[in-house]
Amino acid sequence: MDAELSRRLLHLLDRVEHWMPPPPVEVDWERDVAALWQRHALGGRLLPVPPRDALGLEDLLGIERQKLALVDNTRAFLQGLPANHALLWGSRGSGKSSLIRALLNGLASEGLRLVQVDRHDLSGLPMLVEQLRRQRHRFVVYCDDLSFEGHDDAYKALKSVLDGALTGPPPNVLLYATSNRRHLLPESMSDNEGSRLVGDELHHGDAVEEKISLSDRFGLWLGFHPFNQDVYLEACCHWVTQLGTAADWTREARAEAIRFATLRGGRSGRGAWQFASQWVGHRRLHGGAPA
């Protein structure tokens, strides 16, 4: 009976094996410059990923101040100098996530390594940070499009790693985050009910203080705002030329770029890229000048 049971179990395992995912590839930080952190019931694991594209810092227009500040902060960190955790906040499509990608492409050769963490995996952030503490490389742990709802307690893990734990983050780890919200948490009129004037000073209530306390742990705040028309058209020209040729940027293209932004209700770097993709693709499809 035992032999028959063993045979049946081995047969079942052979059938199940074909459906199992392949074992995860180990991260080699000498070779890999980026990885994803995936939390699971037994902890978490790092999955190496190649850079998404060859986007360079010079491709990002209209955000010169933000680029300079983040590059300086990151280079100081890579050289073992004091540096701050960074929060990139502001309007959609304004270059926050693109700046992180371009930063990795530009500074990987100087030792930068990037680990991206999804918001839903933030509860495993302390475990990730402790794992990176033992590495000799320097890491930016990055969370894209970060925001929390009022009932969401995942932000407590982030607060603890940023500044709240007894040990704090190790010297070889910085946290960078992007968000449409400056304070990462939703704000309502009722939050201001506890605010009061003391002399000439405004003192926030507990609800506001709690929400500010998270973003306040990021020492570097970089605001991103909608483009004006001149900067938007400069970005359109850049991407049309990159995807096609300089000959593709015509008076007609300029007029269509303005119309594209008007129909979408805003100007941004993302919108400039999307317009360029549409314009160059349409011209090639219908017999425009070859790239």
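1. Strands S4 and S5. Strand S4 (residues 112-117) pairs with S5 in the parallel sense, over five bridges. Two strands count as paired if DSSP finds at least two bridges between them. Helices (H or I, at least four residues) and strands (E, at least two) are DSSP runs, numbered from the N terminus. Opposite Leu112 stands Arg138 in S5.

2. Basis of the note. This is a predicted model, in which local features need pLDDT of at least 70 and side-chain atom pairs count only at pLDDT 80 or more, while totals for chains, interfaces and linings use all residues. Residues are numbered from 1 along each chain as its sequence is written, and side-chain values use heavy atoms, with hydrogens and water left out.

3. The surroundings of S5. S4, helix H4 (residues 125-133) and S5 make a right-handed β-α-β unit. Right-handed here means that, with the strands pointing away from the viewer, the path from the first strand over the helix to the second runs clockwise. S5 also pairs with strand S6 (residues 173-179), in the parallel sense and over five bridges. Cys143 has Ala177 in S6 as its bridge partner. How many of the six residues of strand S5 are buried? Five of the six in S5 (residues 138-143) are, so the strand is largely enclosed by the rest of the structure. Buried means under 20% relative accessible area, exposed over 50%, and partly exposed in between (1.4 Å probe, protein chains only).

4. The chain overall. The protein chain holds nine helices and nine strands. Of its 291 residues, 40% count as buried. Take the contacts with a separation of 6 or more: residues 24 or more positions apart account for 76% of them. Contact means heavy atoms within 4.5 Å.

5. Strands S3 and S9. S3 (86-90) pairs with S9 in the parallel sense, over five bridges. Ala86 has Leu220 in S9 as its bridge partner. Four of the five residues of strand S9 (residues 220-224) are buried, so S9 is largely enclosed by the rest of the structure.

6. Asn84. This residue lies in the loop between helix H2 (64-78) and strand S3. Asn84 counts as partly exposed because its relative accessibility is 37%. Which residues does Asn84 contact, leaving aside its neighbours within four places in sequence? They are Asn73, Leu174, Tyr176, Gly219 and Leu220. Gly219 is 135 residues from Asn84 along the chain, yet their C-alpha atoms are separated by 5.0 Å.

7. Thr74. This residue is found in helix H2. Thr74 has 0% relative accessibility, so it counts as buried. The side chain of Thr74 makes a polar contact with the side chain of Tyr176, at 2.8 Å. A polar contact is a pair of N or O atoms within 3.5 Å; within protein, one must be able to donate a hydrogen and the other to accept it, and residues adjacent in sequence count only if both atoms are side-chain atoms. Neighbours within four places in sequence aside, Thr74 is in contact with Leu103, Leu107, Leu112 and Tyr176.

8. Helix H7. The 15 residues of H7 (residues 229-243) should span 21 Å at 1.5 Å a residue, and the end C-alpha atoms are 21 Å apart, which agrees. The expected span is 1.5 Å times one less than the number of residues. At the start of H7, a side-chain oxygen of Asn228 reaches to within 3.2 Å of the backbone nitrogen of Asp230. Buried residues in H7 include Val231, Tyr232, Leu233, His238 and Trp239. What do the buried residues of H7 pack against? They pack against helix H8 (251-264) and helix H9 (269-285).

9. Asp248. The loop between H7 and H8 holds Asp248. Its relative accessibility is 0%, so Asp248 counts as buried. Not counting residues up to four places away in sequence, Asp248 touches Val240, Ala253, Trp279, Arg283 and Arg284.

10. Cysteines. The structure holds zero disulfides. Cys236 is in no disulfide, and the nearest cysteine sulfur, that of Cys237, is 8.7 Å away. That distance is too far for a bond; a disulfide is a pair of cysteine sulfur atoms within 2.5 Å. Is Cys236 buried or exposed? Cys236 counts as buried, because its relative accessibility is 0%. Cys237 has 25% relative accessibility, so it counts as partly exposed.
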